[in-house]
Amino acid sequence: LPLLLGFKGSINAIDGLILIALCLMLFYFLAAWQKRHAGTHEPSLVHPRASISQIFFILIGLVAVVALSRGVLWTSVRLLEHYPIPAFLLGFFVFSLGTNLPEIMVMLRSYRYHLRELSVSNLLGSAITNVLLIGVFAILKPFSFERDAAYVMLFLGMGVLFIFLMIFYRTQG
């Protein structure tokens with residue numbers, strides 16, 4: 001949807017409101033569907049106690065995230081300085097990979113343990129949340145970009161991925 005709304009070369013505040021409204025509607029309909037189709041079993045929340053080692057690993061993880069994000073930013077700037085890569089295309093891939101990498105790891109682990117519903121829903125939920133964030137960013141500061149051949153190829157590639165996703169969903173494959 002952001003690619004479709006951005007086909008004019010920009011995403012403005014109105015586009016951001018559309019993205020946010022559609023995401024919120026989707027969240028509402030998914031919650032209503034889940035409520036209608038939920039069984040009588042209510043999941044229990046388990047609150048494990050955090051140990052010192054868990055807190056240590058959380059802090060190490062935070063430091064690693066900051067260091068890796070700085071590394072990605074440094075690498076992205078160097079790539080843009082030395083190669084004729086459109087900034088929009090590089091930003092799109094870095095944003096997509098960076099925000100979906102944790103979900104991809106969850107997806108791979110859940111697939112390994114035969115929890116296929118969790119893997120696909122986790123990845124799709126993250127992608128939908130990214131659309132919500134793009135809407136918020138567009139409201140805060142509308143942005144424009146070049147609609148060049150790389151954008152059109154990205155648009156077509158996402159269309160093909162969407163078609164494969166629909167086939168996968170329909171065939172339960």
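## The second largest pocket

Helix α4 supplies the largest share of the lining of the second largest pocket, namely 6 residues, in what is a predicted model. Helices here (H or I, at least four residues) and strands (E, at least two) are DSSP runs, numbered from the N terminus. A pocket, on a 1 Å grid over the protein atoms alone, is an open set of points where a 1.4 Å probe fits, with protein on both sides within 12 Å along at least five of seven lines, and its lining residues have an atom within 4 Å of a point. Rolling a probe the size of a water molecule over the atoms shows where empty space is left.

The lining of the second largest pocket consists of 11 residues, and Leu68, Ser69, Val72, Gly98 and Leu101 are those nearest the centre. Both α3 (52-82) and α4 contribute at least two residues each to this lining. The pocket's volume is about 330 Å³, where volume is the space filled by probe spheres set on the points, which are joined across faces, edges and corners. By class, the lining holds 8 nonpolar residues, 3 polar ones and no charged ones; Ala, Val, Leu, Ile, Met, Phe, Trp, Tyr, Cys and Pro count as nonpolar, Asp, Glu, Lys and Arg as charged, and the others, Gly among them, as polar.

## The chain as a whole

The protein chain has 6 helices and 2 strands, and from the N terminus on these elements follow the order α-β-α-α-α-α-β-α. Of its 173 residues, 16% are buried, which means under 20% relative accessible area, while exposed means over 50% and partly exposed lies in between (1.4 Å probe, protein chains only).

Met153 lies in helix α6 (residues 149-171) and counts as exposed because its relative accessibility is 57%. Met153 and Leu89 stand 64 residues apart in sequence, and their C-alpha atoms are 9.9 Å apart in space.

## Confidence and conventions

The pLDDT, the predictor's confidence in each residue from 0 to 100, averages 80 over the protein chain, with 86% of the residues scoring at least 70. Where pLDDT is low, the predicted coordinates should not be read in detail.

Residues are numbered from 1 along each chain as its sequence is written, and side-chain values use heavy atoms, with hydrogens and water left out. Local features need pLDDT of at least 70 and side-chain atom pairs count only at pLDDT 80 or more, whereas totals for chains, interfaces and linings use all residues.
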